[in-house]
Amino acid sequence: MGGVLVRPIILTVFIYLFLKFIVPNLPHSAPLPSSLIFLYLMLTTAGIVIFATLSGASKDAFFGPIFRFLTGESGGALSSARYLVLALFPLLVGWQTYGSTASSDAPPGENRTIHPAPPGEYTGLSNPVPKTLDNINYGKGLYASRCSPCHGNFDGKGFAAAGFTPPPANFKDPTTIAMLQESYLFWRIKKGGVGLPVEGMPWKTAMPRWELEMSDEDIWKVIMGEYDGAGQKPRTWDESE
Amino acid sequence: MMNQGQIVTNHGRQIAGRVALLAGCAALLAWVGLPDVALAQEAAPQAPTAYRDIPYIGSRNLVWIIAQLHLLLAGFVLGVPIFAWLCEIVGWKSGDKRYDKLAKEFTKLLTSSYATTALFGGILLFLLIGFYPKLMAYLTDIFFPSFLVYCGLFLVETATLYLYWYGWDAMAEGSGKKFHIFLGFLLNVFAFFIMIVPNSWATFQSSPVVISEGSDFARAWAATWNPTWWPVNIHRLIANVVLGGYICGAYAGIRYLSAKSQEERYHYDWMGYVGNFIGVFGLLPLPFAGYWLMREIYQYNQQMGITLMGGFLSWLFILQAMLIGVLFLGSNYYFWLGITHRIPGSETQYRKPIMAMLIILLLCLAVWMTPHSLVASLAEAQQMGGTHHPLLGVFGVMSAKMTVSNLMVLVTFMSFIMYWRAGKQDTAGWAKVAKAVMGAVLALAGIAVIVLGVWGYFVPAIIRINYFSTSQVGIVIFVMLTITPLTALLLKSAKTTTEMVWGKMPPRAGYALVLNAVMVILLMTLMGYARSSSRVHWHVYGVMRDSSQYAFSPALGYAAALMALNTFLFCMLVAFIFWVATMGDKAKAAAAGAKGHAEPGGIPAMAGGSPALDETARDASVGHRPI
């Protein structure tokens, strides 16, 4: 094989190893799903092909060895390797086909929408409770007794959190409650997991339906306490709020 | 004499025969595809018909296809005059006749494409009246005054188009040319209003403003000036420029691939460059217009905003990222191929900067394409702690997307600047200072965009939306407004070291142009579905509920299949329009060929590459012409 192919192959392998083994071991990280690794490797391959075909000379240098290998012009030991590839390729296709069509007891891939759209009746609501220190502290108290067993110190690491998949939300994460309006949280707390639409997979969450335990006013206070405790601000359309 | 029983039996037979005949006719009518006239849901015998359906394909699918084709054709018909008018002005100002010829070539397409667009508009109107009579009665009640305005606009647009097209040669010189350019301006002004009037009907369905009092005109005006009207107007206007440019590029690409003479290759290579340039010119501000539109939608209604950006339609935006990514890569690739093939000897000189730009583009694209909720197996989701990755999940939100889209716009702009400067040597004494300033502006802008993007995670959403995102856009615009005139000034005194050679691009450049056009069309079909589906089960959001059997959002896979079908049908329609419009040229070229000379544009536009192109691209033995 031509030397010009070595660098792209090394680059692709390096990126795969980086995504598979290094990223999961970074602080606060976790293994990447294969769908994401595949996506990034496709981008890498696209980049390699784009760069290799910028000029006629680089295109020939890149694809020439592949064509010569596949057509048997390379000769020598590569001819035997060519027969091996030609024999293995149909087997690979067969294996892939079998793998994608054979029945399996593995559950299907999960595609859960974490923040589905709320019902229309909740979209226009605004928090009717004044944002006083007393109300915020009262809400934090309710949070401590009702929410913290799962959501912990606003970081999703309550003592019961380990028992749930998916785990309780981490409110300190800037991509959770900071992206949402207070009315959204009101809906989620009031109706709980069972109130989620299908794309939110209501069967995948143990969030209780708090309207059975708390008044609307208390729920609004919990929301204020939650934002304050997590150091986040709700999404608003008015800077003065 | 027949007895009573026989009479009844015969009468019964007659009735049965007639019923059978009627049933047969009904079956025949259904078989030939006439709409099913049965009421959909309403059981009351006197209730007005709310919906009608059509067998097999279904009313919604048929309206979807026709509406999408009409919109794409309308985008083409409104984009091409902008493209042609800009080319005509460049040709008039620069004295370069090629631009005038290009403008005329594309205006010729308008006559047939205008008629086709109107035809699909008429079909769509009949289908809407037939399938959704209740909704159409409601919309007519609100918008009737603007229906009249729309008709008036069509009349003046048609008259102007005829004058513009048929008067081209008669007004080719002097004050006649100035008047012709003024006609082109009027054509585009009327076309703009033709676009924004129906935009008001469509945006009203998403963000209705209904007032119960006042005159018909006051009600229509209030409904027209709804919260998403202007964001959609601006977004569509820019998108139409992009569509016009890339379709011109695709046409040039196909003609280039089938070109048989060097003169043709020269012409269509140049045309492809112009098409790609105008496409990119429109593409650069498009993400900003899209962002403004989404902001207005979210602000108008949280449910609609989340449905689009975080709910079940959010996967469309990952598809959108892929398509836009391919478009950015394709446009830059075409610029880079231009540098390496049109400017001999520049390959080694620009290889490293191209590699750097490619890496930045791919990294940005990786971030843009990373979803907030990942597709994962149960085991993978357990390892991650849900479908949200604890580290890369931060790429899934708007702050990251906005940052990388700005960076991609910057890189694409720099690709163009690099192409513009290639093959020229600065001679001005202040060139070094100017280049240092440009480098510093670019580096600082890149850093500022990234810093604002990261900082955006630590401030309230409203601060990020109102200040950080707009500042990022402002920074990118500032870079363009600084570097473009500086480069133009530098190039005024620059010495040309290597002349640009046209007609030497490899076949893959032609395919890249076609790919770009297909990506734009797919993007428009995708966003059409997104805009329409964001209303969920409402005809008019929050006002008139969809109570038909189709009051559900089709699955994304199903929608993607229809998007692909619509893209294919539109490409076929455009190919047909090009074929019809160039039929006369082919006959002329055949006649000219018989006399011993051929004109560019006279060869049938058949897809497929010429294997000789790669060879000729390398041999570079013919036709050095300056840009």
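## A tour of chains A and B

Select B:Ala494 to begin: leaving out residues up to four places away in sequence, B:Ala494 touches B:Lys424, B:Gln425, B:Asp426 and B:Thr427, where two residues are in contact if their C-beta atoms, placed from the backbone, lie within 7 Å. This is a predicted model, in which local features need pLDDT of at least 70 and side-chain atom pairs count only at pLDDT 80 or more, while totals for chains, interfaces and linings use all residues. Residues are numbered from 1 along each chain as its sequence is written, and chains are lettered from A and ligands numbered from 1 in the order in which they are written.

B:Ala494 sits in the loop between α16 and β2 (495–496) of chain B; helices (H or I, at least four residues) and strands (E, at least two) are DSSP runs, numbered from the N terminus. B:Ala494 counts as partly exposed because 17 other C-beta atoms lie within 10 Å. On that scale a residue is buried with 20 or more other C-beta atoms within 10 Å of its own, exposed with 12 or fewer, and partly exposed in between, with C-beta atoms placed from the backbone.

Next, select helix α14 (residues 398–421) of chain B. Its 24 residues reach 34 Å from first C-alpha to last, close to the 34 Å expected at 1.5 Å a residue, the expected span being 1.5 Å times one less than the number of residues. Of the 24 residues of α14(B), 19 are buried, so the helix is mostly covered. Just after α14(B), B:Gly423 has a positive phi of about 80°.

Move to B:Phe83. B:Phe83 is among the residues that touch the most other members of the largest nonpolar core, which has 202 residues; the others are B:Val242, B:Ile247, B:Leu361, B:Val520 and B:Leu523. Such a core is a set of buried Ala, Val, Leu, Ile, Met, Phe, Trp, Tyr and Cys residues joined through C-beta atoms within 7 Å. Helix α2 (residues 59–94) of chain B gives the most to this core, with 19 residues. Apart from neighbours within four places in sequence, B:Phe83 is in contact with B:Phe106, B:Val241, B:Gly244, B:Gly245, B:Cys248 and B:Ile278.

Now show both chains. In the interface, 59 residues of chain B contact 49 residues of chain A. On the chain B side, the helices that each supply at least two residues are α10 (302–309), α11 (314–342), α12 (347–369), α13 (378–384), α16 (461–492) and α20 (612–619). Of these, α12(B) gives the most, with 8 residues.

Chain A has 8 helices and 0 strands. Its radius of gyration, 27 Å, is well over the 18 Å that the globule rule gives for 241 residues, so chain A is more spread out than a compact globule; the radius is taken over C-alpha atoms, and the rule is 2.2 Å times the number of residues to the power 0.38. Along the principal axes, the C-alpha atoms of chain A fill a box of roughly 85 × 45 × 35 Å. Colour domain 1 (3–101) and domain 2 (120–230) of chain A separately; the bounds come from an automatic or database domain assignment. Their C-alpha centres lie 46 Å apart.

Finish at A:Arg68, in helix α3 (residues 56–71) of chain A. Beyond neighbours within four places in sequence, A:Arg68 is in contact with A:Glu73 and A:Ser74.
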